[in-house]
Amino acid sequence: MIVSLLTFNLSHSQTLALPKWFYDSFKSKGMEKKYSIAAFLKPSFLQADFNGDSALDIALPVFEKATKRKGILLVHGNTSEHFVFGAGKDFGFGGKDFRWADKWALFTENTAQETQFNKESGDIIGGKTIKLERNGILIEDYEDGSVLSGGIIYWTGNKYIWIHQGE
């Protein structure tokens, strides 16, 4: 199978090679009018089957042009369906701006520990083990070289959720 790639020029001679289907979808949905591809996380993009349909999906850092709020754009490979987390859209404890995010990676474990909070006080009251059937996206906030908090963006079968990690 031949995969055609498209290169986005980011800044200062940095390039990002993405499949042609991604670029076609990004333009056809008018995403370039509202969002710019950003290079605030490394690697430049993540590719995996996030929704379990046996097709590769792509996630990459973006910012909302109007507000400069940072976030993640995820596009399903089979359907070209777009999902924006942050970048002006509120998403779980990640919020509307992922400016806090220092690192991201593919999350491939079979379980995750979700931090549980008291709804009234906001205090941490424990954790809950969640069984995972597919890959997720781990996003982390570091302080003094150690992970402080973050979350996993995960497809439940019909929507994406935030599985909170840490404080």
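1. Start in helix H1 (residues 20-28). Phe22 and Phe26 sit four residues apart there, so about one helical turn separates them. Helices (H or I, at least four residues) and strands (E, at least two) are DSSP runs, numbered from the N terminus.

2. A word on the basis. This is a predicted model, where local features need pLDDT of at least 70 and side-chain atom pairs count only at pLDDT 80 or more, while totals for chains, interfaces and linings use all residues. Residues are numbered from 1 along each chain as its sequence is written, and side-chain values use heavy atoms, with hydrogens and water left out.

3. Aromatic pairs come to 11. The rings of Phe22 and Phe26 are stacked, because their centres are 5.9 Å apart and their planes lie at 20°. Rings of Phe, Tyr and Trp (its six-membered ring) pair if their centres lie within 6.5 Å; planes under 30 degrees apart count as stacked, over 60 as edge-to-face and the rest as tilted. Phe22 and Phe26 are both buried. Buried means under 20% relative accessible area, exposed over 50%, partly exposed in between (1.4 Å probe, protein chains only).

4. How are the rings of Phe91 and Trp162 arranged? They are edge-to-face, because the centres are 6.1 Å apart and the planes stand at 90°. Phe91 lies in the loop between strand E7 (82-86) and strand E8 (103-107), and Trp162 lies in strand E13 (residues 160-166), so this pair ties together parts that are 71 residues apart in sequence. Phe91 is buried, at 12% relative accessible area. Trp162 is buried too, at 9%.

5. Look next at the aromatic cluster. Phe91 and Trp162 belong to it, together with Phe83, Phe85, Phe98, Trp100, Trp155 and Tyr160.

6. Now the charged side chains. Side chains of opposite charge can pair when their charged atoms come close. The model has four salt bridges, each a side-chain nitrogen of Lys or Arg within 4 Å of a carboxyl oxygen of Asp or Glu.

7. One of them joins Glu64 to Lys34, with the closest N and O atoms 3.8 Å apart. Glu64 is in strand E5 (residues 57-64) and Lys34 in helix H2 (residues 31-34), so the pair links distant parts of the chain, 30 residues apart. Buried or partly exposed: which is Lys34? Lys34 is partly exposed, at 40% relative accessibility. Glu64 is buried, at 9%.

8. Arg134 and Glu133 form another salt bridge, at 4.0 Å from N to O. Arg134 is buried at 17% relative accessibility, whereas Glu133 is exposed at 62%. Arg99 and Asp97 also meet in a salt bridge, at 3.1 Å from N to O.
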